[in-house]
Amino acid sequence: MASDPVERRPILSPVGWLLFAAFAVFSVVLLPVLHLLPGADSALRVPDFAIPLLGKFLCYAMVALAVDLIWGYAGILSLGHGTFFALGGYAMGMYLMRSIGTEGVYRSELPDFMVFLDWKELPWFWYGFDQFWFAALMVFAVPGLLAFVFGWFAFRSRIRGVYFSIITQAMTYAFMLLFFRNNTGFGGNNGLTDFKRLLGFSLQDPATRIGLYVASALAFLGVFLVCRGIVTSKLGRVLEAVRDGEDKVRFSGYDTFHFKLFVWTLSAVLCGLAGALYVPQVGIINPSEMQPANSIEMAVWVAVGGRGTLVGAAAGAWIVSAAKSWFTVAAPDLWLYVLGALFVGVTLFLPQGVVGSLLALRRGASR
Amino acid sequence: MSTPRSSAADRSLAPSDIASSPDTRHGEILYIENVTVSFDGFKALDDLTLYIEDGELRCIIGPNGAGKTTLMDVITGKTRPDAGTLFFGSNLDLSQMSEHEIARAGIGRKFQTPTLFEGLSVFENLELALDAPKTVFSTLFARLGAAQRERIEQALETVGLADTAERRAGELAHGQKQWLEIGMLLVQNPRLLLIDEPVAGMTHAEVDRTTRLLSDLAGSHTVVVVEHDMEFVRSLESRVSVLHQGQLLAEGDMQTIQNDERVIEVYLGG
C-alpha cells in the first residue's frame, strides 16, 4: 500500500465484500427462489405475506442508512426524515393513482378522491405524473429540493444540535397537517390508495410483488455502497470532523455549510427513494407517515443498531421493526412503551448500539 | 481523473486561493487598525492598533481579560469587529471574509485548549488539515498522493507522534494533543500562524522543543504567540506586545518591556 502513488481507503474490506456478496445472493436470489420453488406446504417455503414484508423492511433499512449518514457521521440529528420518505412515497403514489385510469370506483379519468370532492379537473401539480419517468424524477427531486431549501436556511444560520432537531420535528408536523387537508390535493387523511398497476404490471400479481421486493433489495445494496463510498472518502472524514468540532473544521479551511448541505440533501433523496419503493408494496401512502413519532422511530432504529456503522443502522431498522410487527399483534397497547424502553435501555447500556458494540468488541479482540 | 497525479499532489493551493494570497510588499502581513469589539458594553478590544511584519515572531502578552483571545477571534473571523479595519497583507479585508476563506488565504490557528477531531486518528487529523483542495467535490474524490503522505509523515516526525499515527486523537495525552494541533498547523502551511498558549500543560523538555520549533518556523512563516508563561516568552527572544484592557500598552523587546513602568504597574498591580 505504502508504495502506491495515490491511495483511497477501500469501500469495503475483502471480508466486507464477501459478506456483502453473501447478503446480495441471499436477498436477491435465494429468498425469491425459496418463495417460488418449494411446494406450498414445504417448511422451506418463504410464505406469500413475507415478500412484501421483507421488501418493506429493506425500505426501512434504506432510511436507516440515510439517517445514519447524517447523524452517525456528520452529527446532524434529524427528527423529520419521515417527511422526505413520505414525499418520495407520494410522488410514486401519484403515478400509481394516475395509472389506475378509468378503473376507479367512479370510472373517471380523475383519481377517485378528486371526484368525491367534486373537482372537475386535475390540479396543475398532478400534471406529468401519468408518466413513470416524470414520477421517478420527482421521487428524487421533491425531497431533494425541500431538503436543500430547508438545509440552506438552517445551516446558513448555523442552527445546530438540538435546535436543528426540533425544527425538523416541527417541519414534519407542519407537512402532516398540510397533507391532512383535502384542499392540499393529495387525498387528505385517506391519502392515496387502491393502486392497480405499476408500469402495466398488476400489483396483485405475485410476480410483481417479487419484482418489487427484488428492486428494493437491489436499491438497498446500491444505497449501502453509496453510503460506504461517502464515509470512506475524505469527505466522510470531513463530516466526522464536523461532528467532533465544526469550528475547527472551518479554521482548517473547509466551508462546513456546503458539506452539511450536501450530505443532508443526499440523505433526503435516499429517503425519497425508499419511500417510493415502499408505497407500491404496502399499497397506501397517507399523512400518518409524517407523524412526528414515525421520524423519531427512524432515529431509534439508528440508535439501537449503532450510530456511525451503517450496517448497524440497517440492522437496527430490522430489529425494531420486527419487534414492532410482533408486539403490535401480541400486545398493541404495549408497543410505544417497549419502543421507549428500548431507546432508554440502549442509550444507557449500549451507547454504541447493538451492532456498534459487537464491532467494538471485535476491534478490541483483534488488537 | 484527468489531472496528472504528481501535480494534484503538489498543488497546495487551488487557483482561486492564489489570487487571494496576502500582498506583503510593504513589509507588513497583518494590519489591525482602530479595532473595537464590545460584548454587552464591555470593550474586549478598545481602538486597538497593531501591525505584524511578514516573517516575524511576535509574542502577545497581557493579564487575563486583556483581549488576547478576542484578538485571535477577530483575526480568524470568529468574531466581527464593531469598528476598525483588519487587513491580511495590504489587499485582503478580513472583516469581509468567512472563517474558511481566512483559513484558505493562509491564517492558521491553534486554540488555547487543544481542539482536535477526537473521533479520527492522528493521521486523519493531519490529512484533513493538509493544504489540499477543500471543496465537497474534491474531497469526495480525493486520493492521498505520495507527496502528501510524505508531508504528513514528516509532520508526525517533527511533532514526535510517528508512533501514534493510527491512534484516535481523543486517546492522546494532553501534551500530545498540543503537539498534534501544532502538527496540523504545520501541514496546513499557513503564512500566518496564530498560536494561543502553546506550552500549557507541557513538560520542560517539551517547552524547549516548542521554543526551537517556533523559532525555526519564523522567517518562512509569520508566527504570533499568545502566552502567559514569561519564561517561555523570554526564551523566544522576539518582539513583545503587551495588551491591557483591550489596548496596546507597550511594545518592544523583552528587555524594554520588563523595564516599562506601565507594564510593571499592570502586572504587579501596583
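Two strands pair if DSSP finds at least two bridges between them. Helices (H or I, at least four residues) and strands (E, at least two) are themselves DSSP runs, numbered from the N terminus. With those terms in hand, let us start the tour.

**Before you click**

This is a predicted model, in which local features need pLDDT of at least 70 and side-chain atom pairs count only at pLDDT 80 or more, while totals for chains, interfaces and linings use all residues. Residues are numbered from 1 along each chain as its sequence is written, and chains are lettered from A and ligands numbered from 1 in the order in which they are written.

The model has an ipTM of 0.85 and a pTM of 0.90. The chain B average is 86, and 92% of the residues score at least 70. Now select residues 1–19 of chain B: here pLDDT stays under 50, and the model has 17 contacts beyond four places in sequence for this stretch. Two residues are in contact if their C-beta atoms, placed from the backbone, lie within 7 Å. Where pLDDT is low, the predicted coordinates should not be read in detail.

**Stop 1: strand 3 of chain B**

Select residues 57–61 of chain B, which make up strand 3. Of its 5 residues, 5 are buried (20 or more other C-beta atoms within 10 Å of a residue's own, with C-beta atoms placed from the backbone). Show the side chains to see both faces covered: Leu57(B), Cys59(B) and Ile61(B) lie on one side, with Arg58(B) and Ile60(B) on the other.

Strand 3 has two partners to look for. It runs parallel to strand 9 of chain B, joined by 4 bridges, and Cys59(B) has Val225(B) as its bridge partner there.

**Stop 2: the six-stranded sheet**

Zoom out to the open sheet of 6 strands in chain B, ordered 6-8-9-3-10-11 with mixed pairing. Strand 6 (107–110) and strand 11 (247–253) stand at the edges with a single partner strand each, so one side of each is left without a neighbour in the sheet. On average, neighbouring strands are turned by 20° against each other, direction ignored. (Axes are lines fitted to C-alpha atoms, for helices over the stretch in contact, and angles run from 0 to 180 degrees between N-to-C directions.)

At one end of that order, strand 10 (239–244) and strand 11 of chain B pair antiparallel over 6 bridges. Pick His244(B) and you will find Gln247(B) opposite in strand 11.

Next, bring up the helices. Helix 3 of chain B packs on this sheet, touching strands 3, 6, 8, 9 and 10, and its direction makes about 150° with that of strand 8. Helix 8 of chain B packs here too, touching strand 6 and strand 8, at about 175° to the direction of strand 6.

**Stop 3: helix 8 of chain B**

Stay with helix 8 and select residues 174–188. Of its 15 residues, 13 are buried, so the helix is largely enclosed by the rest of the structure. Just after helix 8, Asn189(B) takes a positive phi of about 55°.

**Stop 4: the four-stranded sheet**

Now find the open sheet of 4 strands in chain B, with the order 2-1-4-5 and antiparallel pairing. Its edges are strand 2 (42–53) and strand 5 (92–93), each with a single partner strand, so one side of each is left without a neighbour in the sheet.

- Strand 1 (28–39) and strand 2 of chain B pair over 8 bridges, with Leu30(B) opposite Ile52(B).
- Strand 1 and strand 4 of chain B share 5 bridges, and Ile32(B) is partnered by Leu86(B).
- Strand 4 and strand 5 of chain B form a hairpin with 3 residues between them, where Gly89(B) in the turn has a positive phi of about 70°.

**Last stop: where the chains meet**

Finally, show both chains. Here 24 residues of chain A are in contact with 26 residues of chain B. On the chain A side, helix 8 (234–251) supplies the largest share, 12 residues.

Definitions and conventions:
pLDDT is the predictor's confidence in each residue, from 0 to 100. The expected span of a helix is 1.5 Å times one less than its number of residues. A residue is buried if 20 or more other C-beta atoms lie within 10 Å of its own, exposed if 12 or fewer, and partly exposed in between; C-beta atoms are placed from the backbone.
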